Amino acid sequence: MTEPLNGERSITYFWVIIGLIGMLLYVSKADAKSSSAPSSTATKAAPCDYHSHPTITTITPSHAKPGQKITISGKNFGTKSCLHGVSFGSKSTDDFRYVSPTTLEATVPNLRPGSIPVTISSEAGTSQFKLEVQAK
């Protein structure tokens, strides 16, 4: 067995040291990621689905008085950040609550009695359903 020349040994040691430094940097970077606070991308809301058109299937109760709370049920309402609003006829309201992608709650505003379209608006479009508004 022959021993490598002095220059070859230096080059070999150089590459071993570079490899160890690289491995230490990789491990310390992975450790820093796992122990740090979640990044801002982890807390961002899910992107809105522009392809799933919202659909209201029922409003409960189907007859309601102004000031009464109703439940709007359906599908594809999206996430809370993707929901734009709820309106009763031409009157939009801020008095609604996002419950889930299939359920909203809203309070009937002060309206005249009659059949009024309730509309929800999301990033993917709108949906309407008739509500019978009763006199106070």
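Arg 97 is partly exposed, with 46% relative accessible area; on this scale, buried means under 20%, exposed over 50%, and partly exposed in between (1.4 Å probe, protein chains only). The model is predicted, so to speak of local features requires a pLDDT of at least 70, side-chain atom pairs count only at pLDDT 80 or more, and totals for chains, interfaces and linings use all residues. Residues are numbered from 1 along each chain as its sequence is written, and side-chain values use heavy atoms, with hydrogens and water left out.

The side chain of Arg 97 meets that of Glu 105 in a salt bridge, at 3.1 Å from N to O.

Turning to the cysteines, 1 disulfide is counted, the criterion being a pair of cysteine sulfur atoms within 2.5 Å. The sulfur atoms of Cys 48 and Cys 82 lie 1.8 Å apart. This pair links distant parts of the chain, 34 residues apart: Cys 48 sits in the loop between α2 (40-43) and β1 (55-60), and Cys 82 in the loop between β3 (69-75) and β4. Helices (H or I, at least four residues) and strands (E, at least two) are DSSP runs, numbered from the N terminus. Cys 48 is buried at 18% relative accessibility, as is Cys 82 at 3%.

An open sheet of mixed pairing comprises 5 strands in the order β2-β9-β8-β4-β5, where pairing requires at least two DSSP bridges between two strands. Its edge strands, β2 (63-64) and β5 (91-93), each pair on one side only. Strand β4 (residues 83-88) runs antiparallel to β5 over 3 bridges, and Val 86 has Thr 93 in β5 as its bridge partner.

Terms used:
Salt bridge = Lys/Arg side-chain N within 4 Å of Asp/Glu carboxyl O.
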